[in-house]
Amino acid sequence: MAEETIKGTPVTDGMIQDWADEAEAGYDVEKPRKRGRPTIGDGPGAVVPVRMDAALLEALNARAEQERVSRSEAIREAVRAWTQVA
């Protein structure tokens, strides 16, 4: 039987025992973890495909990396500034 791994790390008996102990101790079901992407604005977001030439895309990627934000967030911020929406 092949050795089980999680993200390349071999799963040990000790890890399995730790997980079992954690499960047996119980979880706080009153406060479930949120799943999915965080909401943007007041409701669900719409996907808006945009075409860019190579130079514009390269500039966008460079600025987003410089500001340490995702490309999507950089585009949203630019659109907010252009439309003057908070």
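So, how many nonpolar, polar and charged residues does the lining of the largest pocket have? By class there are 13 nonpolar, 4 polar and 4 charged residues.

Quick housekeeping. This is a predicted model, where local features need pLDDT of at least 70 and side-chain atom pairs count only at pLDDT 80 or more, while totals for chains, interfaces and linings use all residues. Residues are numbered from 1 along each chain as its sequence is written, and side-chain values use heavy atoms, with hydrogens and water left out.

Okay, back to that pocket. A pocket here is an open set of points on a 1 Å grid over the protein atoms alone, where a 1.4 Å probe fits, with protein on both sides within 12 Å along at least five of seven lines; lining residues have an atom within 4 Å of a point. The largest one has a volume of about 830 Å³, volume being the space filled by probe spheres set on the points, which are joined across faces, edges and corners. It has 21 lining residues, and Ile 40, Ala 46, Val 47, Ser 72 and Arg 76 are the closest to its centre. Two elements give two or more residues each, α2 (54–67) and α3 (71–83), and α3 gives the most, with 6. Helices are DSSP runs of H or I, at least four residues, numbered from the N terminus.

Now the second largest pocket, at about 260 Å³. Of its 16 lining residues, Leu 60, Ala 74, Ile 75, Glu 77 and Ala 78 lie nearest the centre. The largest share, 7 residues, comes from α3. This lining has 12 nonpolar, no polar and 4 charged residues.

How do the two helices sit? The axes of α2 and α3, lines fitted to C-alpha atoms over the stretch in contact, with angles from 0 to 180 degrees between N-to-C directions, come within 9 Å and cross at roughly 100°. So α2 and α3 are roughly perpendicular, the label for 65 to 115 degrees. In contact (heavy atoms within 4.5 Å), Leu 57, Leu 60, Asn 61 and Ala 64 of α2 meet Arg 71, Ala 74 and Ile 75 of α3.

Terms used: Nonpolar A, V, L, I, M, F, W, Y, C, P; charged D, E, K, R; others polar. Parallel < 35°, antiparallel > 145°, perpendicular 65-115°, else oblique.
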